[in-house]
Amino acid sequence: MSSFDAIVIGSGLGGGVVTRRLSENGLNVLLLERGDFVPREPENWNPHAVFSQKRYHAREQWLDGRGRSFDPAMHYNVGGSSKFYGAAMFRLRERDFQELNYQEGISPAWPIRYADLAPYYDQAESMFFVHGDESGDPTAPPRAHPYPFPPCVSANLSNARATLRSMFNRSTNSRERATGAAAKDGPIGSSAQE
Ligand SMILES: Cc1cc2nc3c(=O)[nH]c(=O)nc-3n(C[C@H](O)[C@H](O)[C@H](O)COP(=O)(O)OP(=O)(O)OC[C@H]3O[C@@H](n4cnc5c(N)ncnc54)[C@H](O)[C@@H]3O)c2cc1C
């Protein structure tokens with residue numbers, strides 16, 4: 001096939017979802033990815049290799065607005081950062097769409113509101129097998145349906161969280177830091193059965 005209805009550049013979460021939706025609607029899509037597949041190796045499952053040694057980070061430095069270099073933590077591989085991300089699938093809060101005043105400056109209001117995105121969050125949470133229960137979270141935005149799956153109680157997940165906590169000596173969950181709520185109820189996007 002040499003002609004396409006759409007060309008998507010990058011197979012991360014963004015490009016992957018766009019490609020899937022376009023394909024499901026009958027379009028011929030070419031998905032271009034600059035990176036290779038992540039090799040299957042023991043280090044995939046080793047938080048020290050992944051996070052401390054940055055084994056899968058792109059070896060490059062970017063420049064910030066003042067010309068200072070930093071590690072952008074990019075992952076140039078099939079799946080992009082989704083191969084290594086934490087799978088914490090929080091919805092933005094209603095307030096996030098309003099103008100926010102930060103120490104560094106003003107974050108302008110979005111042209112859309114949470115209510116505009118809510119139906120798409122519903123679809124995305126199904127697509128990503130999101131498990132969770134935010135009933136005890138005072139910051140949770142309104143939702144038409146409960147999470148598509150109940151909270152994760154995987155032993156592997158608990159172990160991974162404990163390892164990351166000890167590595168970084170802090171909570172791995174921003175909501176936990178903000179509210180003190182326990183992390184066991186997600187929301188976590190995972191199709192793992194264990
Ligand atoms: C360690 C880690 C943990 C995270 N945990 C969470 C979390 O728990 N919850 C959460 O919501 N978010 C989390 N994130 C952030 C989340 O993973 C990213 O926001 C998200 O994956 C970004 O998706 P993206 O498609 O925009 O970009 P990316 O995932 O960066 O994908 C971009 C893709 O485009 C490819 N590409 C780039 N340039 C080109 C080119 N010129 N030609 C072809 N291909 C190209 C890249 O190789 C890559 O595959 C985490 C990120 C990291 C690194």
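**Reading backbone angles, strands and a ligand shell**

Modeller: Lys54 sits in the loop between α2 (47–52) and β3 (62–63). Please keep in mind that the model is predicted.

Colleague: Where is Phe129 placed?

Modeller: Phe129 belongs to the loop between α3 (114–127) and β7 (130–131). Its phi is also positive, near 55 degrees, and Phe129 is a residue other than glycine. Phe129 has 17 C-beta neighbours inside 10 Å, so it too counts as partly exposed.

Colleague: In which sense do strand β1 and strand β2 pair?

Modeller: In a regular strand the side chains alternate between the two faces of the sheet. Here, β1 (residues 6–9) and β2 (residues 29–32) pair in the parallel sense, over 4 bridges. Val8 stands opposite Leu31 in β2. From β1 the chain passes through α1 to β2, a right-handed β-α-β crossover.

Colleague: Which helix gives the most to the shell around the ligand?

Modeller: That helix is α1 (residues 13–24), with 3 residues. Of the 23 residues around the ligand, Gly10, Gly12, Gly14, Gly80 and Gly86 come nearest. By class, the shell holds 10 nonpolar, 11 polar and 2 charged residues.

Colleague: Which residues form the largest nonpolar core?

Modeller: This core has 5 residues, namely Met89, Val130, Tyr147, Cys152 and Ile188.

Technical notes. Residues are numbered from 1 along each chain as its sequence is written. This is a predicted model: local features need pLDDT of at least 70, side-chain atom pairs count only at pLDDT 80 or more; totals for chains, interfaces and linings use all residues. A residue is near a molecule or strand if its C-beta atom, placed from the backbone, lies within 6 Å of it. Helices (H or I, at least four residues) and strands (E, at least two) are DSSP runs, numbered from the N terminus. Ala, Val, Leu, Ile, Met, Phe, Trp, Tyr, Cys and Pro count as nonpolar, Asp, Glu, Lys and Arg as charged, and the others, Gly among them, as polar. Two strands pair if DSSP finds at least two bridges between them. A crossover is right-handed if, with the strands pointing away from the viewer, the path from the first strand over the helix to the second runs clockwise. A nonpolar core is a set of buried Ala, Val, Leu, Ile, Met, Phe, Trp, Tyr and Cys residues joined through C-beta atoms within 7 Å. A residue is buried if 20 or more other C-beta atoms lie within 10 Å of its own, exposed if 12 or fewer, and partly exposed in between; C-beta atoms are placed from the backbone.
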